[in-house]
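Thanks for making the time this morning.

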Amino acid sequence: MMGARRQKVFGSGHAVPLDRNAKCRIAAYARAWSARNRRPGQHHGPITMAFERVLAALLWSFHNSRDGRCFPSYERIAEQARCARSTVAEALKVLEWAGVLSWQHRITRVRERCTDLFGRISWRWRVIRTSNAYVFRDPKCADCRRRSSKSENPTGTQDQDILDPVQTRARDLSIPLERALARFGVAVAARQGIEQDAGSTAGAL
């Protein structure tokens, strides 16, 4: 994800609505992930308290729960999270690394005034970068996708399970029941052989 080419989009970008429970799950996942990846001697893991404030600002102050839009500027995030703009940039990298969020580069067209070689004034359109569009990963939905991708049943259909030959195990003839079953099997096989011979004789006549 970190090395992938960042997508550029016009408009509000990809949006995923989240209710309050989903936002709480995301915040809890971020804390748990940071604790799992904490190194010896560290008071906090990779997601520091300042980074947690950045995540909280995005989730609770800027993310629209109904339509999923979330595209504040670095300056607004820094103001809400009470940190520097550079801290916001670092926090976003770590949060993406943890799988908490990702973002798209939003672009827009602006009309600007320019002057040609003869001094004549004209207008032109130019594409510029604007704020990022952030999308969050709900741990519950990700867990559901992992479960659905792995079948709970063995490979093959139910019909295949029924039609596949059953491997017979070696019988322990020291057990009375096993001896009785063996004798029964021999008797059935012998009877089938007699019936087949009788059928063949009747057909020949």
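The accessible surface of the protein comes to about 15,000 Å², and 53% of that area belongs to carbon and sulfur atoms; the areas come from the Shrake-Rupley method with a 1.4 Å probe, and for residues only the protein chains shown count as cover. Please keep in mind that this is a predicted model, in which local features need pLDDT of at least 70 and side-chain atom pairs count only at pLDDT 80 or more, while totals for chains, interfaces and linings use all residues. Residues are numbered from 1 along each chain as its sequence is written, and side-chain values use heavy atoms, with hydrogens and water left out.

Of the 205 residues, 28% count as buried, where buried means under 20% relative accessible area, exposed means over 50%, and partly exposed is what lies in between. The protein has seven helices and three strands, which run β-α-α-α-α-β-β-α-α-α from the N terminus on. Those elements are DSSP runs numbered from the N terminus, helices being H or I with at least four residues and strands being E with at least two. Taking a contact as heavy atoms within 4.5 Å, residues 24 or more positions apart account for 63% of the contacts with a separation of 6 or more.

Let me turn to the interior. If we leave aside neighbours within four places in sequence, the contacts of Phe136 include Leu18, Ile26, Leu55, Leu58, Leu59 and Val100.

Helix α3 deserves a separate word. Which of its residues are buried? They are Tyr74, Ile77, Ala78 and Ala81, and they cover an arc of only 100° around the axis, which puts them on the same side of α3; the arc is that of the directions from the helix axis to the C-beta atoms. As background, an α-helix has 3.6 residues a turn, so residues three or four places apart point the same way. The buried residues of α3 pack against α2, α4 and β3. Just after α3, Arg82 takes a positive phi of about 60°, although Arg82 is not a glycine, and most residues other than glycine have a negative phi. Arg82 is found in the loop between α3 and α4 and is exposed, with a relative accessible area of 63%.

Now to the aromatic rings. Rings of Phe, Tyr and Trp (its six-membered ring) pair if their centres lie within 6.5 Å, with planes under 30 degrees apart counting as stacked, over 60 as edge-to-face and the rest as tilted, and by this rule there are two aromatic pairs. Trp33 and Trp97 form an edge-to-face pair, at 5.0 Å centre to centre and 85° between the planes. Trp33 lies in helix α1 and Trp97 in helix α4, so this pair ties together parts that are 64 residues apart in sequence. Trp103 lies in strand β2 and Tyr134 in strand β3, so the pair ties together parts that are 31 residues apart in sequence, and both residues are buried.

Two charges also sit over rings, by which I mean NZ of Lys or CZ of Arg within 6 Å of the ring centre and within 35 degrees of the ring normal. Arg6 lies over the face of Trp103 at 4.0 Å from the ring centre, and Arg106 lies over the face of Phe71 at 4.1 Å.

I will finish with Ala133, in strand β3, which counts as buried at 1% relative accessibility. Beyond four places in sequence, Ala133 touches several residues, among them Phe71, Trp103, Gln104 and Arg106.

Key: Buried means under 20% relative accessible area, exposed over 50%, partly exposed in between (1.4 Å probe, protein chains only).
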